[in-house]
Amino acid sequence: MRDKGLAGQDLVRPSTLSSLAKESIRLRIVTGEIAAGEIYSAPALAAVLGVSATPVREAMLELATDGLVEVVPNRGFRVVEPSQHDLDEIFQLRLMLEVPAAEQAASRGITAADHARFLEMAKLIEKRAQEGDMVGFLAADRDFHLGLLGTLDNSRLVEIVSRLRDQARLYGLPMLAQRGELRESAREHRELLEAICRQDTVAVAAVATHHLEHTRGIWAGIAETAGQ
């Protein structure tokens, strides 16, 4: 298996090994570090994560249930590769869900404590982008977006968007990180937060839509926004 860029990151600790292994593997699948179409054995992945094969095997079976991987009997697991049509459907659904949700968050307003918390998240996203840390960038990005949705107190919305995010693949992330263009996407989080704090629903809708279009371009491996 290919382990370039995997070793030394997200070392799994002895508590809740299966869930931590699942999160670490999931992030690497979404960023493309664990490549679609290739077969990975549980022992090989376990060696990268620094744990035994058992929690990794449990994690991979859960990811198979989520539709991210499929079991290859007597060999291991293969990452499922979404088609461009799949990615278009995911993008459309996220537009339908996340843009109105961001507008609702702006209409309701967020507390000073939440503003401070999300501002720190936005700064961390920018820091990870500056460092070219794809796994760290994606983890911070996930925390930011799902955290904002969480302020609406709708756990089903958070769960649905979380699954949609997992089903996409950020093919263009390594390329953008190398070219330094990941920083543009990172800055959009602060812009979105500022618009929400101003309770400017028009600006929130515009920034959220642009950010998702930018993300769709990353999925396709291009820097341009969708439709350009």
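Author: In this predicted model, helix α6 (residues 134-150) packs against helix α7 (residues 155-167) at about 155 degrees, with axes 9 Å apart. Local features need pLDDT of at least 70, side-chain atom pairs pLDDT 80 or more, while totals for chains, interfaces and linings use all residues. Numbering starts from 1 along each chain as its sequence is written, and side-chain values use heavy atoms, without hydrogens and water.

Reader: Why are α6 and α7 called roughly antiparallel?

Author: Angles run from 0 to 180 degrees between N-to-C directions, and axes are lines fitted to C-alpha atoms over the stretch in contact. Over 145 degrees counts as roughly antiparallel. The pair has about 155 degrees, so α6 and α7 are roughly antiparallel.

Reader: Which residues of α6 and α7 meet?

Author: Contact means heavy atoms within 4.5 Å. From α6 come Leu138, Asp141, Arg142, His145, Leu146, Leu149 and Gly150. They meet Leu157, Val158, Val161, Ser162, Arg165 and Asp166 in α7. The contact divides into 6 nonpolar, 3 polar and 4 charged residues.

Reader: How much of the protein is buried?

Author: Buried residues (under 20% relative accessible area, 1.4 Å probe, protein chains only) make up 46% of the 228 residues.

Reader: How many helices and strands does the protein have?

Author: It has 10 helices and 3 strands. These are DSSP runs: H or I of at least four residues for helices, E of at least two for strands.

Technical notes. Angles under 35 degrees count as roughly parallel, over 145 as roughly antiparallel, 65 to 115 as roughly perpendicular and the rest as oblique. Ala, Val, Leu, Ile, Met, Phe, Trp, Tyr, Cys and Pro count as nonpolar, Asp, Glu, Lys and Arg as charged, and the others, Gly among them, as polar. Buried means under 20% relative accessible area, exposed over 50%, partly exposed in between (1.4 Å probe, protein chains only).
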